[in-house]
Amino acid sequence: MLGLLVAVTVLTGDLEPRPAHAQPSPAQSSQVRIVTMRAVADEPYRAQPGWNAMLRRTIQTVSDIYERQFQIRLVLHDVVPWTIGQAIPIPRILGRVRAEVAADPADVLVVFAAERCEKLEYGFALTFGRYAVVQTGCLDTAVLKNTAPDAVLSHEMAHLFGAFHPAAGRSDTVMSGGPADRFDGQTARVIRLMRGYDFTRGVLGLDPEVRRAWSAIYAEGHARSDPNPLAGALSGAGAELGRTGRLDEGVALLREAIAMDPTAARPRTLLGFLFLRQGRLEDAARELDAAKRINFREVEARTELGLVLLRIGREEEALVELRDVLRIDPRAPRAYVGIGMILAKRERTGEAITSFQSAIQVDSTHGPAYLRLAEVLDRIGRPLEAWSAAEQAHDRGEDVAPALWQQLTQKLPSAPGASPDVRGCGRRHGGPG
């Protein structure tokens, strides 16, 4: 459960920002960095007796540790009550809070969750990011010192500064279950290196010298099961550049991430998406195929690969990929739509209709499923049902072709529906689902 959201602004002692690329000199290191925090407490966290004092005490404890060891002071900016509801997985909490609670005027959001106990997960953070979750209110967080809120907050704050999990066998550090004030040498050096990190600029604010210095520390040893967090942060930044139209810069950053961590699937998936936006279908197919070969369960890569293969005429391969998607995730509407399109093309109309209806069943908001269903129903002479499906598609933002409206109007002269000036309007959908 989401309990506390903390937003952080890093300042120098005289309240002037310090560049993220500058490592403090010995003279500068005596200055205390102030990190202002915005805390958001969810409803179960607030239901705990004395929750407000507990929240402030946890932050103060970790602040004292960070100030003593790194000259970083955490200062609470405000506390925001937040209601999220029950049974929300911890990773989804981060997505919700990013969408619903503004980080400004601070930089880092740390969420304290209560009683959302699952998979022995006591915290979650986006390394080099702005968001983290701290879990409280579980049985083991109440009796085990290394899962107490101050230890978890100390751990997750270290992640936000770029720290990573150490190699197996290291138990003498907060990064592998140690006390809140115990930092191994690698973690301490990373936090000192990143002490001037500009959270608002994120990983794009790190110059090549700092990236190289961080990578040298990482190369000394790290948890083998974890992807390279700097590569992951660069991937996210590259994808965001692509979303804002800076496609070439995004591609370059994703290539850097892939070179940094060739074993990670996600950067290749994101690079495939950017190639799609550039119209480079063969390049996209290559990267998406590489992503799913690295990680069989990379569902987004498999789904998009199937749809790209369909667009470039490799129909049988597309069908295999999309069926694999449904074996991994039976609730993937885009896979059902792609399969339905292939079946419709092969004149297996009944199976195609079932596939489109399956997409609607798992996601009643998925407009492309209604649109493709309308096209098939029109083709086999079921205009009334086709009209209804076309209206559903239009209402969900799909651009229903004027020709389809005209055909249906001719077959159903008195059919109700959108007026001619509305038909065909809406979002132009660039692909099969």
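Analyst: A contact means heavy atoms within 4.5 Å. Of the contacts in the protein chain with a separation of 6 or more, 62% are between residues 24 or more positions apart. This is a predicted model, where local features need pLDDT of at least 70, side-chain atom pairs count only at pLDDT 80 or more, and totals for chains, interfaces and linings use all residues. Residues are numbered from 1 along each chain as its sequence is written, and side-chain values use heavy atoms, leaving out hydrogens and water.

User: What makes Phe-128 and Trp-214 an aromatic pair, and of which kind?

Analyst: Rings of Phe, Tyr and Trp (its six-membered ring) pair if their centres lie within 6.5 Å; planes under 30 degrees apart are stacked, over 60 edge-to-face, and the rest tilted. By this rule there are 13 aromatic pairs. Phe-128 and Trp-214 are 5.6 Å centre to centre with 65 degrees between the planes, so they pair edge-to-face.

User: How do you know whether Phe-128 and Trp-214 are buried or exposed?

Analyst: Buried means under 20% relative accessible area, exposed over 50%, and partly exposed in between (1.4 Å probe, protein chains only). Phe-128 has 5% relative accessibility, so it counts as buried. Trp-214, at 1%, is buried too.

User: Why is the pair of Trp-387 and Trp-405 called edge-to-face?

Analyst: The ring centres of Trp-387 and Trp-405 are 5.1 Å apart and the planes stand at 70 degrees, so the pair is edge-to-face. Trp-387, with a relative accessible area of 3%, is buried, and Trp-405 counts as buried at 2%.
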